[in-house]
Amino acid sequence: MTTYGTIPTSSSPGVSTNLEYISRAKERIKAGLGARRPWKVMFDFHSFKLPANFQEALARVRINVAYFRMNYAMIVLLILFLSLLWHPVSLIVFIVLMAVWLFLYFLRDEPLVVFGRMIDDRVVLIVLSILTIVLLLLTHVTLNVLVSLLIGVVVVLVHGMMRKTDDLFLDEESTGLMTTGVPPPPSSS
């Protein structure tokens, strides 16, 4: 009996495993990027106003950094990426590090556990930031890295000071800054 012209009903196990892995990776990327705060909320022009004093500016920065943490990390990494466009070796190192960032920070849907201990997101952010800086400094782009990080921090601080926090509601266990609640209806003024 010949089987020419028939369509196989099952695929080889290696192919289906790879396809499942790619499918899961795509789902995690979509879910991970969907977990960040909406850019529309971050850049809502009605929410920008100069702070009244230095204490208010510091409070705004604290709340905005806690609320837009992933967005700010993405902005700083984008600025760092743009500064490395003319340094191919550093750019390759950066792209590898971006893959590490994606899987260990941006796309994780469960807490990171190392040696039976749960690692906080802030610790992961700090360790990945230091690792990124150290590895990029080893590729001899010290000035580019430092200037781009300085620009990124200034952008984050300026946005954090200028954006009002009246419409941001954070849960206590993730930040310890505010309690959860329903945002107030938009004012007509």
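The following legends describe close-up views of a predicted model. Residues are numbered from 1 along each chain as its sequence is written, and side-chain values use heavy atoms, with hydrogens and water left out. Local features need pLDDT of at least 70 and side-chain atom pairs count only at pLDDT 80 or more, whereas totals for chains, interfaces and linings use all residues.

**View 1. Helices α6 and α7.** Helix α6 spans residues 121-137 and helix α7 residues 142-162; helices are DSSP runs (H or I, at least four residues) numbered from the N terminus. Their axes come within 8 Å and cross at roughly 150°, which means that α6 is roughly antiparallel to α7. Axes are lines fitted to C-alpha atoms over the stretch in contact, and angles run from 0 to 180 degrees between N-to-C directions; those under 35 degrees count as roughly parallel and those over 145 as roughly antiparallel. Ile133, Leu136 and Leu137 of α6 make the contact with Thr142, Val145 and Leu149 of α7 (heavy atoms within 4.5 Å).

**View 2. Helices α5 and α6.** Helix α5 (residues 88-106) packs against α6 at about 170°, with the axes 10 Å apart; α5 is therefore roughly antiparallel to α6. Among the contacting residues are Phe94 and Trp101 of α5 and Leu128 and Leu135 of α6.

**View 3. Helices α4 and α6.** The angle between helix α4 (residues 69-83) and α6 is about 5°, and their axes are 13 Å apart, so α4 is roughly parallel to α6. Arg69, Ala73 and Leu80 of α4 take part in the contact, and the residues of α6 include Asp121 and Leu125.

**View 4. A nonpolar surface patch.** Ile126, Ile130, Leu131, Val134, Leu135 and Leu138 make a nonpolar patch of about 530 Å². Patch residues have over 30% relative accessible area and no salt bridge, and nonpolar side chains (Val, Leu, Ile, Met, Phe, Trp, Tyr) are joined within 5 Å. Areas come from the Shrake-Rupley method with a 1.4 Å probe. Ile126 belongs to α6.

View 5. Arg60 forms a salt bridge with Glu56, their closest N and O atoms being 2.9 Å apart. The term denotes a side-chain nitrogen of Lys or Arg within 4 Å of a carboxyl oxygen of Asp or Glu. Because Arg60 and Glu56 are four residues apart in α3 (residues 54-67), about one helical turn separates them. The whole structure holds two salt bridges.

Note on methods
Patch = residues over 30% accessible without salt bridge, like charges linked within 9 Å, V, L, I, M, F, W, Y side chains within 5 Å. Helix = DSSP H or I, 4+ residues; strand = E, 2+ residues; numbered from the N terminus. Parallel < 35°, antiparallel > 145°, perpendicular 65-115°, else oblique.
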